[in-house]
Amino acid sequence: MSELREKFKNYSSEDYKHFVLSNAIFFVLLGLLVVIVVLEPSFISFRNFRNILSQSSTRIIMALGVGSIIVTKGTDLSLGRQVGLAAVISASLLQAPGYAYRMYPDLAQLPLWLPIVIVMLVTGAFSLMNGFVIAKFKVDPFIQTLGMMIIVYGVNSLYYDRPPYGAQPIGGLDERFANFAQGFFNIGGFKVPYLILYASIITVLIYIVWNKTVFGKNIFAIGGNSEAAFVSGVNVTKNLLMVYTMAGFLYGIGGSLEAARIGTATNNTGLMYELDAIAACIVGGLSFDGGIGTVPGVVAGVLIFQVIAYGLSFVGVSPYMQYIIKGLIIIIAVAIDSREHAKQN
Amino acid sequence: MSNNEYLLEMKGISKSFPGVKALDQVHIKVKKGTVHALMGENGAGKSTLMKCLFGIYKRDEGDIILDGKPITFTSASDALENGVSMVHQELNQVLTTRVMDNIWLGRFPKKGLFVDEEKIYNDTLEIFKSLDIKIDPREDLDTLQVSEKQMVEIAKAVSYDSKILVMDEPTSSLTEKEVNHLFKIIRNLKEKGVGILYISHKMEELDQIADEVTILRDGQYIATRDIDNITVDEIINLMVGRDLTNRFPEKTSVPGETILKVENLTAATQPSINDVSFDLRKGEILGIAGLVGSKRTDVLETIFGARQRKSGKIYLHGEEINNDNPHEANTNGFAMITEERRETGIFSDLGVDFNTVIANIFTYRNKNRLLNQPAMKKDIQWVIDSMSVKTPSLKTKMESLSGGNQQKIIVGRWLLTQPEVLLMDEPTRGIDVGAKYEIYQLMIELTNQGKGVIMVSSEMPELIGITDRIMVMSNGKLAGILDTKTATQEDILRLTNKHL
């Protein structure tokens, strides 16, 4: 205890400055939130709260995928397009039997889990390819995933624009599938969406992976100093393959849920989701330099973004203006992150 | 276990990199329970040899025999599992994690699916206790002092219980007390029969700790001797391959009036330099000595404006100047040659021509704002001739030149800016002895023209051989300024530990 007191005694104004600076983005966003609430006090309601949470749920799943990659000092621009591919494939395999425009008119009603597993395997495979090229050929993750983003969009569009009906939104989803994402528990009169449960489970799982497993320690070591990890006997290649594949699985789940949540999917589903997810990670304290970050941070980052987006719409800020604000938030967050790092060097 | 006299034998090891033969038929034999020192100048191939042993580099030819069995490690984990561990020269640590995470990285004990946190904590404590190290295993590594980080790295290597332990400059950032602590650990390991390969630049350590010594020079095997049958001078002669007296050209210029005066220089971002004051005279070479982490480079960077200044003043010819950024420093007549030649010195994919004139490129603009090609060509040729750079053509890519020739081009580049003060950070690191001599000659040439040179160097003989005065940094503070004529290595070493 006395040690703790000693520690506090040693905090100078310099340390407080450091605290404020390293959490500056939270203060900025808190300020923004206050403005929203002042303009529209009715913003604080259970309904809004629930909407924000369920909208955040799929984003959290995706952000935890790319977040794991960012921990290794990588990035993944193909997230959004992989989510789109997952959404289209899962929707196409789970259209209601009676729906007129089915992509597969004669397809039997599949068990709900099967299309989701298929989709996870597909996005897992694309992400594994990302990991393979990045780990084996030392291609910069930005370039590799940029290429993959375009490839996956092409693949998705080819799949999407096919007979018998050609390119058109895949709707008329199987009720079970829609309910899987849109349904809710009724707890004491409050409707709690299933999505929140899914996101919570995955958050806990990823938290355990990051903090309790050898794999988790390894990805942080690789991001912190891959050379050190290598000479300590860590199989860097294998761990990178694993982290990208894991992210792919999460995109598969996220994409399926996204299709079911919206009730339809097109080849443009997921457009720019990667930017939202990466931005949320950075705002949540993940360092682009690798090796630093927490799961609660990522979740907080996604929630903050969603609160701001929802809140701005709520008070009637134009969507175009919202883009500008979001962009600024990303830049400020990264600028602060870089500043902190520049100071250390 | 075999009854072999040797625990580890490396025979006829060769390794080439594009354009360089880093190792040529090198051999070394380590006996059980002994410390075998591996000596050689920078670039002699010591670290490369160890990386070949450890499986980080794939050797081109040669055999490695461990405990009587031929082996080839394909990765670090392979080497570690087979009883070869290593304290790496650059601190190869994950600073963003805790001390105990670093110790167990690559071999975390598991409890079911998860890492056994309790075990890694207790085991780390136990290792530290047995080695008499007082560091909290749960501390974040980046909050530790450099020397503590080094001790963690040593503890980690020891904790593998290896048959062979390689130590690549383990004392580079340790204080004298910690060095003694390390030697105690090493003697314990010897008693247990561990073979230790010990790489160090500090000659005075050999008598204390080593049993045998093998000397490499320019990637070639030179000799192996018992430590009792060889003197330090002989080792140096074998390392350098020529008589010590010829290693440095004679310095003729006599320092004159003061050019540069630095007062109470303190860098903005700490830890860095604090309250450093000194001056530099015309025609003088001022050396900066200190241990790794003593912030020698920061002195140069702060003067040059590459590092933000918190307080302190810089005077050039008695007038105060700002040097807020490198561009401004440049305009004021400063030039800086950085330590990391590959990273911050050369444009490796571009030609010798580009590399030579890039620093003063604006002086070649004609009245149409285009570059005056003949003038550039003339200057490039001047640099190549006067520095005796060996290059096939002006267009040759910089990366295909040897390190020494690259360095000469960089020196030439900054000479073209006609600096008053030349700041050099480890100007002879990793270049061969001949090229070193030529670099020294260039420095002396400069002083003859009345310029001032400040040189950071880790090589004691170089500091004593070429400078007029030596300022010693210790833990970011100035520990003292010595007159080179009367200074000894011991004086310098003592000062390096002053503020630790």
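**Exercise 1. Describe how helix H5 of chain A packs on H11(A) in this predicted model.**

Step 1, geometry. The axes of H5(A) (residues 79-93) and H11(A) come within 7 Å and cross at roughly 55°. Axes are lines fitted to C-alpha atoms, for helices over the stretch in contact, and angles run from 0 to 180 degrees between N-to-C directions. Helices (H or I, at least four residues) and strands (E, at least two) are DSSP runs, numbered from the N terminus.

Step 2, class of angle. H5(A) is therefore oblique to H11(A); angles under 35 degrees count as roughly parallel, over 145 as roughly antiparallel, 65 to 115 as roughly perpendicular and the rest as oblique.

Step 3, handedness. The crossing of H5(A) and H11(A) is right-handed. A crossing is left-handed if the near helix is turned anticlockwise from the far one by less than a right angle, and right-handed if clockwise.

Step 4, residues. The H5(A) side includes A:Leu79, A:Val83 and A:Ala87, and the H11(A) side includes A:Gly248, A:Tyr251 and A:Gly255. Two residues are in contact if their C-beta atoms, placed from the backbone, lie within 7 Å. By class, this contact has 8 nonpolar, 8 polar and 1 charged residues. Ala, Val, Leu, Ile, Met, Phe, Trp, Tyr, Cys and Pro count as nonpolar, Asp, Glu, Lys and Arg as charged, and the others, Gly among them, as polar.

Residues are numbered from 1 along each chain as its sequence is written, and chains are lettered from A and ligands numbered from 1 in the order in which they are written. As the model is predicted, local features need pLDDT of at least 70 and side-chain atom pairs count only at pLDDT 80 or more, while totals for chains, interfaces and linings use all residues.

**Exercise 2. Describe the packing of H4(A) on H11(A).**

Step 1. H4(A) (residues 46-71) and H11(A) (residues 236-262) pack at about 165°, with axes 8 Å apart. The two helices are therefore roughly antiparallel.

Step 2. H4(A) passes H11(A) in a left-handed crossing. Among the residues in contact are A:Ile61 and A:Leu64 of H4(A), and A:Leu250 and A:Arg261 of H11(A). The contact divides into 13 nonpolar, 4 polar and 2 charged residues.

**Exercise 3. Which residue classes make up the side of chain B that touches chain A?**

Step 1. The contact involves 21 residues of chain B and 20 residues of chain A. H2(B) gives the largest share of the chain B side, 3 residues.

Step 2. By class, that side has 10 nonpolar, 8 polar and 3 charged residues.
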